[in-house]
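Open the model in your viewer and keep a selection tool at hand.

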Amino acid sequence: MGQKLFPYFTIPFCLMLFLSPLILPLVSSQLNYNFYDYSCPRLSMMVGFGVWSALQNDTRIAASLLRLHFHDCFVNGCDGSVLLDDPKYGSERNAFPNRNSLRGFEVIDNIKADVERYCPSTVSCADILTLAASEAVHRVGGPYWRVPLGRRDGTTANEMDANTQLPSPVEPLQNITAKFIAKGLDLKDVVVLSGGHTIGFAQCFTFKGRLFNFKGSGKPDPSLDSSSLSNLQSKCPNSDASNSNLVPLDSASTDRFDNSYYTNLKSKTGLLESDQALMGDPQTAALVNFYSTMNQNYFYNDFSASMVKLGNVGVLTGQNGQIRKKCEFVN
């Protein structure tokens, strides 16, 4: 059985369990959409300008800010710990998933400096990063979502936790889903937030195993389209020298946020093993099919809701944590 949303299109019953109505996502009671209305009323404008300025010089920065926010929230909560680079309190920047790949620190630092001039010791780095991720997605054609605010900054970073808690592009879907569930997220969030890979690039080493020696077989990944395989092998030759070469996660719309990521999965041209794995599970494949064929706004609405959920993970509020004056250092 199914529910018809449009003529001639029927949604399978399994999808009805996942789809949400087009409503504003739920907000943690600890956070507030109007938190800085009086203490820093120009905050959104300052963040927006900072992101816009960065995009003028680097079109990749939208994806970088989105990833930076994800990597912050997934390691012990959205507390700005990923921004720390203080030898006294640790750093997550050199964790394997972050080393030589995590970008956008200078954008957040510049926005923070502007905010401190107008609203000293008021706005957390965690909130600035969360706002910047939302602004970045919207600036490249993605959805706009209101960001609940009031996070405070953590005072420690943990490289070991970054190594173990962040999902890997070569992990089985079951493992990735377990990591999402541990953060209060679910299987639908795995599919929806993976859609963020419609922008940005990946280094060859993150998927090269699919091209030459998939799971020790000595052969390419059979789930990868043959023409895409040839193209990727030319960009990522089977040598260590190509490990850091960059390839678009979504070659159909590299700098534009849209739903083509899901179309790529259906045509077997997903770049990362963890992306293409979404087509190997009936529940996740049903969602991929839905987001690739239905109006893009359904994906946008669900992406916005999942981003708000992500931004609620492990937040510090009230008197917990602090408001860092500089995002790199504990006060």
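Contact, as used on this tour, means heavy atoms within 4.5 Å. The model is a predicted one, in which local features need pLDDT of at least 70 and side-chain atom pairs count only at pLDDT 80 or more, while totals for chains, interfaces and linings use all residues. Residues are numbered from 1 along each chain as its sequence is written, and side-chain values use heavy atoms, with hydrogens and water left out.

**Stop 1: Pro 167**

Select Pro 167, where UniProt, in an unreviewed entry, places the feature "binding site". UniProt positions are given in the numbering used here, feature names are shortened, and annotations may be inferred rather than shown by experiment. Pro 167 sits in the loop between α6 (159–165) and α7; helices (H or I, at least four residues) and strands (E, at least two) are DSSP runs numbered from the N terminus. Show its surroundings: not counting residues up to four places away in sequence, Pro 167 touches Phe 70, Phe 74, Ile 176, Lys 179 and Phe 180. Its relative accessibility is 23%, so Pro 167 counts as partly exposed. Buried means under 20% relative accessible area, exposed over 50%, and partly exposed in between (1.4 Å probe, protein chains only).

**Stop 2: the largest pocket**

Now select Arg 67, His 71, Pro 169, His 197 and Leu 272, which lie nearest the centre of the largest pocket among its 42 lining residues. A pocket is an open set of points on a 1 Å grid over the protein atoms alone, with protein on both sides within 12 Å along at least five of seven lines; lining residues have an atom within 4 Å of a point. This pocket holds about 1,100 Å³ of space. Which element gives the largest share of its lining? It is α3, with six residues. The lining divides into 24 nonpolar, 13 polar and five charged residues.

**Stop 3: a second annotated group**

Select Asp 72, Val 75, Gly 77, Asp 79, Ser 81 and Glu 92, listed by UniProt as "binding site" in an unreviewed entry. They span 21 residues in sequence, yet no two of their C-alpha atoms are more than 13.0 Å apart, so they gather at one spot.

Start with Asp 72, in helix α3. Asp 72 is at 1% relative accessibility and therefore counts as buried. Neighbours within four places in sequence aside, its contacts include Gly 77, Asp 79, Ser 81 and Leu 129. Move to Gly 77, which is also buried, at 2% relative accessibility. Beyond four places in sequence, Gly 77 touches Asp 72, Val 313 and Gly 314.

**Stop 4: the nonpolar cores**

A nonpolar core is a set of buried Ala, Val, Leu, Ile, Met, Phe, Trp, Tyr and Cys residues joined through side-chain atoms within 4.5 Å. Select Leu 43, Leu 83, Ile 108, Val 115 and Phe 303: of the 73 residues in the largest core, these touch the most other members. Helix α3 (residues 61–73) supplies the largest share of this core, eight residues. Apart from it lies another core, of 13 residues, among them Ala 202, Cys 236, Leu 249 and Leu 271.

**Stop 5: the cavity**

Finish with Thr 59, Arg 60, Ala 62, Ala 63, Val 140, Ile 199, Gly 200, Thr 254 and Asp 255, which line the largest cavity. A cavity is a set of grid points where a 1.4 Å probe fits but cannot get out. About 30 Å³ of space lies in this one.

Note on methods: Points joined across faces, edges and corners; volume = space filled by probe spheres on them. Nonpolar A, V, L, I, M, F, W, Y, C, P; charged D, E, K, R; others polar.
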